[in-house]
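Please look through the sequence and the structure below before reading on, and keep both in view while you follow the text.

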Amino acid sequence: MAPPEPGSRALHKGAMSRTPSYIQLAPRRAMASFENLVALANHQERLREARKIVWRERGEPAVELEDLWECMEHAGRGGLRAAAIAFALRASVNLVLATIRIGKVPKNMRFSLIQHAIFGKDSFRFAAMLGSFVTIYKATLNALPILLPVNECTSLPSPFGDEDEDIEAPPMPSEVSLSGRQPRLSLSAQAHQVWVRKKTRRWYSMFAGALAGGLAVMFEKRSRRVVIAQQLFVRGLQGSYNVFTSKHGFHLPNGEVLMFCICSTQIVYALFARPDTLPRSYTTWLTTASGAPPNAMKIVQDMNRTGTFDVQDLNKILSREDIIPANQVTLLARKALATKSPPDFWPHYPPCGAVHPWVESCTHVPLPRFVTVFKWAFPIYGALHFVPMILFKRHAFFKNPLHKLGRAGWATIRSSAFLATFIATFQTWFCFKHYLYRVLSSQTSVKLPQKFIDFFLSKYSYGLGGLFGALSLFVEEKRRRGELAMYVLPKGLESAWLTARGKGWVFHTGQFGEMILTAIGMSMVMSIYQVTLIMSLVRNVLNGSYSLQNDPQHLSGLVRRILYQFIGPN
């Protein structure tokens, strides 16, 4: 048999070959693409890790610590992170404030101004305060279960029940029927489950919060310690009240309005009778918001405290360009009585012409005063409503800008109307109570107790005007009423405490008053935060998730988010 020819062999080989059904890549190109994918994945992982340093994601698993060295290491890392974030926040705020007024500073001092804004003592004090608080709190909270272990079978106490009421621990898989078993939990959810079933007591977080808060606040200036202590204390009271109402099913209708009325009564009384019990800046703001001449306010304060007034204050009102002749005649008559020998300051209230020298009739004052205060307050409240919306809700704002602008505009109108109504109501009461005193003193048909009539001249009658004016809070949006009540509560408490201390009813706290108040406030805040956080984790683990979205609203949303970002689960 003859061998095949070369041409037929080549033809047979071509007939047997076929085109591959897959795409062939050069090895070098394939390796380069794979390396790019790995580099991209590593870059994304580094970005996520860097973001975790600044912003703590929701549902972060609790850290399981076995000994004291791990507690100290965990607390140290948390404290350094908190200090760095606090330093950056305070420096950023100082830098923005310095940039606003940099145009008024000479050019050769601008660099020093910026340098001081970033690296000044305020930034380091704020960083030291928050860093030390997080360090001490984390170390104490996680060390106590190790130093003072609790029986393994003891479950976590509930913030809604008594100390001896326990919440049943999640059942073990062997104890649950096949139909009632939950899906298998992830590793992070299991870590949550292990930690929340760990032996803890509610007083651990109370003690840790008190110790950390009392020591950390000492890093700040004394003038700032008072403000910090007051805010933390009232937030603790707010959370404790919410826990109490949740536990007993008790709800006080319009409780925030009632609180606002009580605090406004004390603040307005202090403004006209004891201005030394209010911060100077707050007194200046209230005087400006009232729209009355500052010298008239000074006359009222002097007459409530000493029964006399400075004639120079009356002269300054008489020298105003907008005073009308009728009021000028009335004030000159009072001046003549005050300058004669012996001086006569009766009646013990200033004439209404000193409070509104530009108009004679008291009935013509409230409406123009409402309009004036509304115009003054509108840009202030506009900034408070519009700026946070644009900065912190950018996505929602750009998604529906007209709707958001409309809501912010309506909220600004309501807030401005609230303040204007407050001032106009008090102005009406100020003039009406003097008119009522004159009518009751001159009438003879009904015999009334003289003490009742004299009440309308007393300094306590001004507090009653603050109570009436505070009812204007109903004009404000409901969700903002609680925040406004929390704003005036520390001012009212401070004024009431100083007033009682001046009368010898309470003791002096000395140099450690701010430390004690901060410790009490943080004890309440951290007890509520930590226990409700653990309770939320228990519920979410049993539901197969571990998000903080369902956390009970015992603390305000702002406080809860700040605490979670700086402290985390533990």
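Is Asn327 buried or exposed? The model is a predicted one, in which local features need pLDDT of at least 70 and side-chain atom pairs count only at pLDDT 80 or more, while totals for chains, interfaces and linings use all residues. Residues are numbered from 1 along each chain as its sequence is written, and side-chain values use heavy atoms, with hydrogens and water left out.

Asn327 is buried, because its relative accessible area is 5%, and buried means under 20% (exposed is over 50%, partly exposed in between, with a 1.4 Å probe and protein chains only). Asn327 belongs to helix H13, residues 325-339, where a helix is a DSSP run of H or I with at least four residues, numbered from the N terminus. Leaving aside residues up to four places away in sequence, Asn327 touches Gly353, His356, Pro357, Trp358, Val359 and Glu360, a contact being heavy atoms within 4.5 Å. A polar atom of the Asn327 side chain lies 3.0 Å from the backbone oxygen of Val359.

Turn now to the nonpolar cores, which are sets of buried Ala, Val, Leu, Ile, Met, Phe, Trp, Tyr and Cys residues joined through side-chain atoms within 4.5 Å. The largest has 50 residues, of which Phe260, Phe272, Phe309, Leu331 and Phe418 touch the most other members, and helix H9 (residues 255-273) gives the largest share of this core, nine residues. Not counting residues up to four places away in sequence, Phe260 touches residues including Phe418, Phe422 and Leu473. A second, separate core of 26 residues includes Tyr137, Ala212, Ile528 and Leu563.

Ala212 is also among the buried residues of helix H7.

Notes: Helices (H or I, at least four residues) and strands (E, at least two) are DSSP runs, numbered from the N terminus. A polar contact is a pair of N or O atoms within 3.5 Å; within protein, one must be able to donate a hydrogen and the other to accept it, and residues adjacent in sequence count only if both atoms are side-chain atoms.
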